[in-house]
Amino acid sequence: MANTRKCLSTDAEFQQAVAECLSVRQVLSRIGLVPAGGNYKTVHARVARLGLDTSHWTGAGWNTGARFRAFGTPFSWDDILVENSTYASTFRLRKRLIEYRLKEHKC
């Protein structure tokens, strides 16, 4: 016999969470569900059942929409191809040199 789970939030609490959060992940955390597996489907189904607006959600990416932040410094050959450069990733350097056709792709 399957156990039935109690709903962890009322419809009013759920509506408030959906209105204030920017993603399904945030809604899950707010209402006390683990952000994994079928819980995403549960949130989407409840949103549909209650007819809630989700146009303010930023989408599947965590770094999109109003929350976007650019990380690192912009790429510049002038900062990399100089003596005593602090650029540390030789793998990425090789990849970029090949991409910009400044190095031939071979072992």
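Student: With which residues is Val47 in contact, leaving aside its neighbours within four places in sequence?
Tutor: This is a predicted model, where local features need pLDDT of at least 70, side-chain atom pairs count only at pLDDT 80 or more, and totals for chains, interfaces and linings use all residues. Residues are numbered from 1 along each chain as its sequence is written, and side-chain values use heavy atoms, with hydrogens and water left out. Contact means heavy atoms within 4.5 Å. With those neighbours set aside, Val47 touches Phe14, Val18, Leu52, Thr54 and Trp57.

Student: At roughly what angle do the axes of H1 and H2 cross?
Tutor: Axes are lines fitted to C-alpha atoms, for helices over the stretch in contact, and angles run from 0 to 180 degrees between N-to-C directions. Phe14, Ala17, Val18 and Glu20 of H1 meet Val27, Arg30 and Ile31 of H2. The axes of H1 (residues 11–20) and H2 (residues 24–31) come within 9 Å, and their crossing angle is roughly 145 degrees.

Student: How many helices does the chain have?
Tutor: Helices (H or I, at least four residues) and strands (E, at least two) are DSSP runs, numbered from the N terminus. From that end, the elements read α-α-α-α-α. The chain has zero strands, and its number of helices is five.
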